[in-house]
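Please read the following report with the sequence and the model side by side. It goes through strands, helices, cores and loops in turn.

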Amino acid sequence: MNSALIPIITLTPDAAAETVRLLTVNGISAYSLESPELTGLALKSVAVNVSQVKEAASILESAMAAALRINSDNRPLRASILIPVDLSAKSYLAVNLGFRLAKRLSAIPVLLHTYVMQSFETTVSIVDNLAQQDAELAADHKTAEVQSLLFQRFCEAVRKRQKAGELPDIPFRQQLVEGLPEKVIDEFTRTHSPLLVVMATRDREARAQDLVGSVTAEVLDGCRTPLFTVTQGYPVPEIRSIVNLVFFVNLDKGDLLSMERFLHIFDYPEVNITLIPVSDRFGRATAAKLDALRDALEKLYPAVRFAAKILPGNNFRRDFPVYISEHDIQLIIVQNKKKNIFTRLINPGIAHLLFYERDLPMVVLPLT
């Protein structure tokens with residue numbers, strides 16, 4: 001490689017080509033080169049002249065900042081964290097986690113409450129747990145006004161918890177929107193690009209009662225933004241205390257991109273991550289592919305301690321809970337492709353299965 005060129009970022013070939021185009025348009029001499037340290041993993045390094053490194057870094061930083069923008073009042077933000085709430089007790093669990101993450105990541109929490117007009121009738125539950133309303137409000141037919149009042153009460157309770165030191169004392173935003181929760185959340189993530197969505201749900205026994213109607217499940221299967229789920233009755237430890245993680249991998253190039261996305265969002269300095277293949281369909285080649293992935297990740301993230309484990313599919317439901325217990329697993333990370341409700345019922349993805357079978361906190365990373 002030309003000694004005058006300095007690699008500044010490693011990406012997939014398509015992303016590298018787009019980055020080169022972006023830099024070139026802005027007057028930077030940029031090149032897409034093979035990454036010798038990651039041969040065979042279909043990655044490219046974007047390199048620029050040594051004299052233009054600072055300028056190129058500034059352009060990329062501006063491009064990333066533009067991607068993390070919330071437009072409700074046309075003000076750019078470094079990042080936002082969306083926290084959908086249904087005004088029930090478990091909503092405070094999501095608020096607690098979301099505010100702690102927001103403080104750690106210098107992000108803005110956005111509380112989002114949705115409601116459906118009373119004339120809307122359905123036999124399917126549209127929220128995980130309906131808020132308990134007092135008799136006076138329940139008798140009021142002005143739904144929008146009632147929901148606005150209830151939401152204001154909830155936000156005031158959040159502010160009181162901040163003043164009492166129970167929540168980080170940071171600014172937050174609030175939005176009240178009419179519509180189906182999963183549809184409103186999807187639209188918000190599409191238009192505002194939050195860094196993360198944080199949602200709380202009931203325990204798995206309660207979730208089993210609404211296999212179709214769980215809002216969190218609907219968001220999980222269709223969200224375009226990383227989703228952090230927590231379960232009522234299973235408090236999440238301090239973020240820095242979460243050190244033992246399981247990351248489900250597909251043994252393809254998407255694993256590297258998802259790992260980069262996850263570690264970028266959470267900025268973990270040191271954690272233990274066990275890589276578990278979603279499927280052992282590759283047979284004997286599975287172990288070799290898994291070892292190659294672990295070696296590549298160890299080179300990319302030397303502060304992270306990676307391990308690899310194959311759990312045969314026919315015994316997964318028996319072996320995985322044992323592995324969780326024996327290794328004190330505190331967080332599950334799953335990559336997930338969008339599926340419609342019919343496909344999900346016939347062939348649910350690993351994220352959907354884990355959501356209904358495990359109460360551990362889970363981060364779901366969407367795959368395009």
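Helices (H or I, at least four residues) and strands (E, at least two) are taken here as DSSP runs, numbered from the N terminus. This is a predicted model, in which local features need pLDDT of at least 70 and side-chain atom pairs count only at pLDDT 80 or more, while totals for chains, interfaces and linings use all residues. Residues are numbered from 1 along each chain as its sequence is written, and side-chain values use heavy atoms, with hydrogens and water left out.

**Strands and their pairing**

Strands of a sheet pair through backbone hydrogen bonds, either parallel or antiparallel. Two strands are counted as a pair here if DSSP finds at least two bridges between them.

| Strand pair | Sense | Bridges |
|---|---|---|
| S1 and S3 (residues 44-49) | antiparallel | six bridges |
| S4 and S5 (residues 108-115) | parallel | five bridges |
| S8 (residues 227-231) and S13 | antiparallel | three bridges |
| S12 and S13 | parallel | six bridges |

Individual residues show how these strands line up: leucine 11 stands opposite lysine 44 in S3, and isoleucine 83 stands opposite leucine 111 in S5. In S13, valine 363 has phenylalanine 228 opposite it, whereas valine 364 has valine 334 opposite it.

How far are these strands covered? The terms used are buried for under 20% relative accessible area, exposed for over 50%, and partly exposed in between, with a 1.4 Å probe and protein chains only. In strand S4 (residues 80-84), five of the five residues are buried, so the strand is largely enclosed by the rest of the structure. Both of its faces are covered, with Ser80, Leu82 and Pro84 on one side and Ile81 and Ile83 on the other. Strand S13 (residues 362-367) is mostly covered, as five of its six residues are buried.

**Helix H5**

Helix H5 (residues 143-163) has 21 residues and reaches 30 Å from its first C-alpha to its last, close to the 30 Å expected at 1.5 Å a residue; the expected span is 1.5 Å times one less than the number of residues. Its buried residues include Val146, Leu150, Phe151, Phe154 and Val158. Seen down the axis of H5, the buried residues fall within an arc of 165 degrees, so they line one face of the helix; the arc is that of the directions from the helix axis to the C-beta atoms. The face turned away from this buried side carries the exposed residues Glu145, Lys160 and Lys163. Just after H5, glycine 165 takes a positive phi of about 85 degrees.

**Nonpolar cores**

A nonpolar core is a set of buried Ala, Val, Leu, Ile, Met, Phe, Trp, Tyr and Cys residues joined through side-chain atoms within 4.5 Å. The largest has 58 residues, of which Leu111, Phe228, Phe262, Ile273 and Leu275 touch the most other members. Helix H3 (residues 91-105) gives the most to this core, with nine residues. A second, separate core of 26 residues includes Val246, Leu311, Phe320 and Ile324.

Which residues does leucine 311 touch? Not counting residues up to four places away in sequence, leucine 311 touches Ile276, Phe316, Asp319 and Phe320, contact meaning heavy atoms within 4.5 Å. Leucine 311 lies in the loop between strand S11 (305-308) and H11, and is buried with a relative accessible area of 8%. Leucine 311 and isoleucine 276 are 35 residues apart in sequence, and 7.2 Å apart in space from C-alpha to C-alpha.

**Two loop residues with positive phi**

Leucine 251 has a positive phi of about 60 degrees although it is not a glycine. Leucine 251 is placed in the loop between strand S9 (244-249) and helix H9 (254-266), and is buried, with a relative accessible area of 14%. Aspartate 328, likewise a residue other than glycine, has a positive phi near 50 degrees. Aspartate 328 is found in the loop between helix H11 (316-326) and strand S12 (331-337), and is partly exposed, with a relative accessible area of 47%.
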